[in-house]
Amino acid sequence: MVTFDEQFRRQLRELLIWRRDVRRFRTDPLPDGALERLIDIACLSPSVGLSQPWRFVIVEDPVRRSAVIDDFRACNADALASYSGDRAARYAALKLAGLEEAPGHLAVFADKASEIGHGLGRATMPETVEYSVVAAICSMWLAARAEGIGLGWVSILNPVRINEILDVPSSQKLVAYLCVGYPQMELDHPELEREGWENRHHSREFTTRR
């Protein structure tokens with residue numbers, strides 16, 4: 001059995017600490033094959049019934065990218081309108097996407113119609129298809145950070161509209177739209193915490209014994 005020593009475990013913890021949801025990117029291009037390499041790593045992730053439901057779309061076409069940015073702006077305006085007072089002002093001041101600066105755009109979908117895996121494990125919890133895709137994204141996120149590449153998960157989008165823009169089947173559900181590139185700065189704590197939006201809580205607040 002492969003074993004990992006204490007130094008590796010410490011470095012793994014450091015990697016987790018320094019992983020960030022990046023919003024502020026440099027415009028430097030990614031090396032050739034970087035996105036494909038990260039996708040290869042993502043595909044090493046576990047999936048329910050070995051269904052491998054992840055589907056990746058590398059978004060390069062400027063017209064499609066522009067349409068995604070327009071959708072983000074519309075959805076972001078709607079989100080801002082849902083807040084009021086000081087919270088609205090705080091929201092308006094946040095930078096919530098790096099869509100215009102990041103050199104890489106990657107959309108990740110869950111293929112809910114795929115027959116791979118023959119339905120194993122999905123009858124009682126069909127949502128594990130999406131969970132499997134999230135696991136792949138997390139693997140990619142850590143691998144990217146290990147290379148000094150940042151990922152930004154943009155969730156302020158209309159999933160139906162993104163499917164239309166990228167011309168993917170309706171059976172594929174958008175799980176993540178990722179900005180990929182080199183971050184302008186390195187931080188060991190979330191930007192939303194630094195901006196006063198929310199604080200990170202201790203694990204004991206989320207842990208119960210029965």
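In strand β3 (residues 150-154), Gly150, Gly152 and Val154 point one way while Leu151 and Trp153 point the other way, and all of them are buried, where buried means under 20% relative accessible area, exposed over 50%, and partly exposed in between, with a 1.4 Å probe and protein chains only. Because 5 of the 5 residues of β3 are buried, this strand is largely enclosed by the rest of the structure. The model is a predicted one, in which local features need pLDDT of at least 70 and side-chain atom pairs count only at pLDDT 80 or more, whereas totals for chains, interfaces and linings use all residues. Residues are numbered from 1 along each chain as its sequence is written, and side-chain values use heavy atoms, with hydrogens and water left out. Helices (H or I, at least four residues) and strands (E, at least two) are DSSP runs numbered from the N terminus.

Strand β4 (residues 172-181) runs antiparallel to β3, to which 5 bridges join it, and it also pairs in the antiparallel sense with strand β2 (residues 104-111) over 8 bridges; two strands pair if DSSP finds at least two bridges between them. Since 9 of the 10 residues of β4 are buried, β4 too is largely enclosed by the rest of the structure. Some of the bridge partners are listed here.

| Residue | Bridge partner in β4 |
|---|---|
| Asp111 | Gln172 |
| Trp153 | Leu178 |
| Val154 | Tyr177 |

With a disulfide taken as a pair of cysteine sulfur atoms within 2.5 Å, the count comes to 0 disulfides. Cys138 is in none, the nearest cysteine sulfur, that of Cys43, being 14 Å away, and Cys138 is partly exposed, with a relative accessible area of 37%. The sulfur of Cys179 lies 14 Å from the closest cysteine sulfur, in Cys75, which is too far for a bond; Cys179 is buried, with a relative accessible area of 1%.

The largest pocket has a volume of about 650 Å³. A pocket is an open set of points on a 1 Å grid over the protein atoms alone where a 1.4 Å probe fits, with protein on both sides within 12 Å along at least five of seven lines, and lining residues have an atom within 4 Å of a point. Of the 33 residues that line the largest pocket, Arg20, Asp21, Val22, Pro190 and Glu191 are the closest to its centre, and the elements that give two or more residues to the lining are α5 (128-146), β3 and α7 (191-194).

Note on methods: Grid points are joined across faces, edges and corners, and a volume is the space filled by probe spheres set on the points.
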